[in-house]
Amino acid sequence: MLLGKVINIQKYSIHDGPGIRTSVFLKGCPLNCWWCHNPESQCSEKEILYWEDKCTTCGMCVKKCPNGAVEIKDGKIINHRDKCTACGKCIDFCMNNAREISGKEYTVEELMKEVEKDTVFYDESGGGVTFSGGEPFSQMNFLEALVEASKNKGIHVAIDTTGLTSSENIRKIASKADLFLYDLKFMNDEEHKKYTGVSNELILQNLKILSDMQKEIYVRIPVIPGINDGENLKKSAEFLKDLNITKVNLLPYHKYGMDKYSRLEIEYKLKEEKEPTKEEMDNILEMFKKYGLNVKIGG
Ligand code: SF4
Ligand code: SF4
């Protein structure tokens with residue numbers, strides 16, 4: 001039986017494509033972006049989230065864990081993530097909701113049941129379903145089955161992707177999906193590798209493929225002052241002006257996902273970076289317009 005791992009199903013979403021949508025966030029991503037808002041989506045396996053501020057160090061999780069993956073040291077809970085099998089036993093005994101598993105398994109039928117609940121809203125608003133992540137292509141078989149099931153039900157499908165997958169996968173999904181929300185981060189490969197952990201070669205190539213296929217594409221560019229603004233954005237606009245791009249969304253950097261890093265006990269590397277000002281965003285918007293692109297601030 002085909003099973004997929006899902007971190008969240010967000011209903012009534014209005015920023016992930018046209019109309020009112022259900023956004024399904026699939027677990028697993030080959031990138032490791034410094035500013036990632038969903039760090040719990042990166043690992044393809046299920047994992048424990050831990051809220052230190054809710055924890056009373058009662059020690060129940062330590063007692064109940066069959067793998068010795070939790071201990072109390074100097075009055076603090078230490079999670080040994082290398083020993084954790086995400087069995088969930090500790091969660092059942094935590095009275096303070098300080099623990100949670102990220103990554104629930106669904107069959108295609110179970111997930112489609114959730115998606116279909118809001119068909120009436122999709123019909124009225126011109127919305128549909130958006131498969132996001134993580135990177136939805138990291139669960140290609142599951143994604144393909146979901147796209148097919150959605151289209152069979154007449155539901156509009158958007159794919160929110162980093163673009164890092166094989167060109168064969170891109171073509172396959174593009175032959176069925178209606179819209180791509182496509183991330184563009186750096187034009188320079190060295191910078192791309194530094195801040196995301198991977199090369200941009202395949203990502204740029206796949207975007208050209210989608211453009212050649214005349215797909216509807218919203219290119220989404222995070223704007224992070226001091227990291228990818230300035231020359232990089234000019235080069236991005238130059239690259240995009242020759243492609244068939246429906247829309248460019250400039251997404252101002254924000255730190256909303258920062259507290260999720262503490263739940264996974266990993267470091268957030270962009271602590272010092274500032275959010276762009278309205279004036280900075282307006283200047284960038286005008287620059288993209290000069291290249292003849294249909295551009296807007298926000299999703
Ligand atoms: S069971 Fe919950 S509240 Fe108790 S120590 Fe573990 S995480 Fe903290
Ligand atoms: S999920 Fe299971 S293995 Fe992991 S800490 Fe909890 S009880 Fe231990």
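Reader: Is Thr 119 buried, partly exposed or exposed?

Author: This is a predicted model, in which local features need pLDDT of at least 70 and side-chain atom pairs count only at pLDDT 80 or more, while totals for chains, interfaces and linings use all residues. Residues are numbered from 1 along each chain as its sequence is written, chains are lettered from A and ligands numbered from 1 in the order in which they are written, and side-chain values use heavy atoms, with hydrogens and water left out. Thr 119 lies in helix α4, where helices (H or I, at least four residues) and strands (E, at least two) are DSSP runs, numbered from the N terminus. Buried means under 20% relative accessible area, exposed over 50% and partly exposed in between (1.4 Å probe, protein chains only), so with a relative accessible area of 24% Thr 119 is partly exposed.

Reader: How far apart in space are Thr 119 and Cys 43?

Author: In sequence, Thr 119 and Cys 43 are 76 residues apart. In space, taken from C-alpha to C-alpha, the distance between Thr 119 and Cys 43 is 31 Å.

Reader: Why do the buried residues of helix α3 lie on the same side of it?

Author: Helix α3 covers residues 108–116, and its buried residues are Val 108, Leu 111, Met 112 and Val 115. They lie on the same side of α3 because they cover an arc of only 100° around the axis, the arc being that of the directions from the helix axis to the C-beta atoms. In general, an α-helix has 3.6 residues a turn, so residues three or four places apart point the same way. For α3, the value asked for is thus an arc of only 100°.

Reader: Which exposed residues does the opposite face of α3 carry, turned away from its buried side?

Author: The buried residues of α3 pack against β1 (3–13), β2 (21–26), β7 (104–107), α4 (119–125), β8 (128–132) and α5 (140–152), where contact means heavy atoms within 4.5 Å. On the face of α3 turned away from that buried side, the exposed residues are Glu 109 and Lys 113.

Reader: Which residues are the closest to ligand 2?

Author: Ligand 2 sits in the largest cavity; on a 1 Å grid over the protein atoms alone, a cavity is a set of points where a 1.4 Å probe fits but cannot get out, and a molecule sits in it if more than half of its atoms lie within 2 Å of its grid points. The shell around ligand 2 has nine nonpolar, three polar and two charged residues, with Ala, Val, Leu, Ile, Met, Phe, Trp, Tyr, Cys and Pro counted as nonpolar, Asp, Glu, Lys and Arg as charged, and the others, Gly among them, as polar. Of the 14 residues that surround ligand 2 (a heavy atom within 4 Å), the closest are Cys 65, Asn 67, Cys 84, Cys 87 and Cys 90.

Reader: And which residues are the closest to ligand 1?

Author: Ligand 1 sits in the second largest cavity, and its shell divides into eight nonpolar, four polar and one charged. Of the 13 residues that surround ligand 1, the closest are Cys 55, Cys 58, Cys 61, Cys 94 and Asn 96.

Reader: Is Asn 249 buried or exposed?

Author: Asn 249 is found in strand β12, which runs over residues 247–252. Apart from its neighbours within four places in sequence, Asn 249 is in contact with Tyr 218, Val 219, Arg 220, Ile 221, Lys 296, Gly 298 and Gly 299. With a relative accessibility of 1%, Asn 249 counts as buried.

Reader: How far apart in space are Lys 193 and Leu 31?

Author: Lys 193 lies in helix α7, residues 189–196, and is partly exposed, with a relative accessible area of 36%. Although Lys 193 and Leu 31 are 162 residues apart in sequence, their distance in space, C-alpha to C-alpha, is 9.3 Å.

Reader: What value is phi of Ala 86 near?

Author: Ala 86 has its place in the loop between β5 (76–79) and α2 (89–93), and at 10% relative accessibility it counts as buried. Ala 86 is a residue other than glycine, yet its phi is positive, near 55°.

Key
On a 1 Å grid over the protein atoms alone, a cavity is a set of points where a 1.4 Å probe fits but cannot get out, and a pocket is an open set with protein on both sides within 12 Å along at least five of seven lines; lining residues have an atom within 4 Å of a point.
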